[in-house]
Amino acid sequence: MILVLKHYKRGPMIYVSHIDLLRHFTRTFRRAGFKIDFSNGFNPHMLVNLGTPLPIGISSSSEYLTVSTDTPKEEFLERYNAVAPQGLEGIAVFAPTRNPNVAGRTVAADYSVKHLGAEQVRREVEGVVNLLSLMMPVTKKGETAMKEVASLVNGIRVYPNSINLCLAAGNTTLRPDKFALFLAERYGFEAQVTDTWKYEQYVRGENGALLEMDEYLTSLEEPPTDA
Amino acid sequence: MTFEEILLKAEKPARYSGGEYNTPDMDKPCDVRFCICMPDLYEVGMSNLGLKILYHVLNNQEGVVCERCFAPALDFRALLKESGLPLASLETRKPLRDFDMLGFSVQYEMLYTGVLYVMEAAGIPFYAKDRDDTYPIVCGGGPSAINPEPLADFFDLFMVGEGEETIVALTALWRKCKAKGKGKKEFLRLAQKIEGVYVPSLNTPAHRTTVKKAVIRDFDACYYPTAQLMPTLEVVHDRAMLELYRGCQNGCRFCQAGYYYRPIRYRKENTLKCLAERLIRETGFDEISLGSLSTGDYPWLEELLSDIGPIAEESRVHLALPSLRLSSFKKEFAENSRKSSLTFAPEAGTQRLRDVINKNVTEEEIREGLSAAFDQGYTSVKLYFMLGLPTETDEDLLGIVELVRSIRRLFYEKHKGGVNITVSCSVFIPKPGTPFQWEAQISREEMARRQFLLKDELRKVKGASFHYHDRETSELEAIFARGDRALAPLIVRAYEKGAMFDSWTEHFHYEIWEEAMAELGIDKEKYLGAQPLDEPLPWEFIDIGVSRSFLLRERERAYRAECTPGCDKGCQGCGAARFAPCDEVKKK
């Protein structure tokens, strides 16, 4: 049976890399006493798949992990949370009838970044979403190159204390912290990227519009039977 | 920059973020705050069993909170400096300066500069005499305490021997002193009465008092943490550790641990079974290492494995058996493990030299052990040897090559295909507390000659690969191993000239040390040469239980190439049973 665990990544856990994160889950599952399926082969490993990697330093209340297990959905969350590390607490569990391919289907995510002074340039900042071309410097392995990012920006809203960004995530990702710093420099405000939250994750719906991950996963569950 | 901002710029921020699962309550009411400092990176320090034990021992005490601090990597140290932040603890980010006590765990000689590195990053003066009552009490411990002298001027006190009880007594004493308004001076005067405590400022080479190492008398009943801290990132030994026993019956004459941790004290099989069950449940590690100085010699190993085996299998936990002796390797031990690679340590290439070092293993036993391993399907063997042992000749070195050849032949008697034989050769370092503590270390030129001889010869053996230790590191380790207080200024000078992380090949620069020695007029030959038998050595005021007369007797037997049977064959009278009942003596 496949279960999808929606969980936080916050507090001290935001500094844990994607590659180290998996170990935290396999150990938590063993503490919880879950029966998890293992791969076959020379070094059998737990069949656990993480979702899209979250850049280091960003908190999230919208992370998803897929696991192949016999543990009933009803018990899973409570038993998991009883032994979960601080910062990786579970939020919800879904039981899709087929593999939802969370990492592969994710296309976008919502983030919130704290700022100082962005409301004074609200119109310009929010207008970025309509630009046909937006070149942003991106540094990889010490080399900086200009990258076209206009198509990776789905939405921007400026609030008194925060900017909400809906950016491409998944196979192509625009990092919210880097993008917020880029906007801040371009429009003259201060982005406090040590306080960046991811709070929603999307797949592409049948009509081409963004569909919230929770809705997508619920749609894959067996419909409740009327008693 | 705030701490959070510099974390985001760090190479591996999880090293400094804390928040590990199984972290004890840091907010409980307390009047003593202790910080265990490891002068090495998180990945290395978090692999240390002593840290795990003492950390939980202290946090179980009422009124005591214990935190941790590891040496920051160079990038993070630079970031701290740039932002003017002092080095702080992992748990509550409290600057080290603000703790009551700091406990440095010094695992071996190459970490000495690491101690200064951590102190400097924390804004703490190196020398104990330069620290007034506003600074924490700085303690040292770990295996290096067997010869505390090179570090004596830096620490207010040392914990010598096993720390579980000493550390509790020390924190309790400080609590009392604090309540009565007594300062560091008074505390140190009282502290030196505690077993295993050495206060260098009150116990000097001119006025010596013997310091008895601390030993746990009832090891089976001694507390052992099962809710061990879960590292935030992958560490060097990323597994749960179960300590089967302390001490070792074999008496290999070069091995410091073999003498330092005597007498032998076993945990009962049933105690271990309960601990193993709890370890699996409370940590979730996918591997448990059954650790000790020689796991194959644990008397009830087979029973233990049949007890824990099914529990481990059910939870899909792998049992690791490190430090198996060739003679104790039994095929059933290897049956359930992944057949990747086996490691054995014959240490010397000929029977004569193995008898000199009292490595009680014969060529026949080596062949039997490996034969069982090859039958099990192993195709890769790692062999550890030591070079530069007392009385060693080229014949002994060529014996290594001959042994490798015969192992190769043994493999081809059974299998087709390739066998990998990795030969790792370290350099002999005469260590305090062993029968070889008086021996000379061979010169670097001689090390090079012997290493290249082996390299050339092993190149001719198909399937064999050869690794050897760095000569300069081995020499420096030998200098410090038998050092005295005159070396403290050397450590400071070398550190100031840029020596740090000396245990990491890429950071080790011997020329810095040589320059510093020249500037201070320190003659390394004093430490590297043979030591006089008729004068007390700088560390001999530390009573490790094993008597000087026993060590001298063992030294003579070594020169006659005579073996001393293991403690399991009968008590050899080393003297350690004066400190605590020896389980091998009791068995008789």
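Predicted model: local features only at pLDDT ≥ 70, side-chain atom pairs only at ≥ 80, totals over all residues.
**Stop one: chain A and its two domains.** Color residues 2-95 of chain A one way and residues 105-211 another; the domain assignment calls these domain 1 and domain 2. Their centres, taken over C-alpha atoms, are 27 Å apart. Now look at where the two meet: domain 1 of chain A puts eleven residues into the contact, and domain 2 of chain A puts in 13 residues. On the domain 1 side you'll find four nonpolar and seven polar residues, with no charged residues.

**Stop two: where chain A touches chain B.** Bring both chains into view. This contact draws on 20 residues of chain A and 23 residues of chain B. For chain A, select helix H1, residues 18-32: with seven residues, H1 supplies the largest share of that side. Taken by class, the chain A side has seven nonpolar, eight polar and five charged residues.

**Stop three: helix H6 of chain B.** Select residues 112-122 of chain B. Is this helix enclosed or open? Ten of its eleven residues are buried, so H6 is largely enclosed by the rest of the structure. Show side chains for a few of them, including B:Tyr112, B:Leu116, B:Tyr117 and B:Met119.

**Last stop: B:Gly123.** Step just past the end of H6 in chain B, and you land on B:Gly123, which has a positive phi of about 75°.

Terms used: Residues numbered from 1 in each chain as written. Chains lettered and ligands numbered in written order. Buried ≥ 20, exposed ≤ 12 C-beta atoms within 10 Å, placed from the backbone. Helix = DSSP H or I, 4+ residues; strand = E, 2+ residues; numbered from the N terminus. Contact = placed C-beta atoms within 7 Å. Nonpolar A, V, L, I, M, F, W, Y, C, P; charged D, E, K, R; others polar. Domains from an automatic or database assignment.
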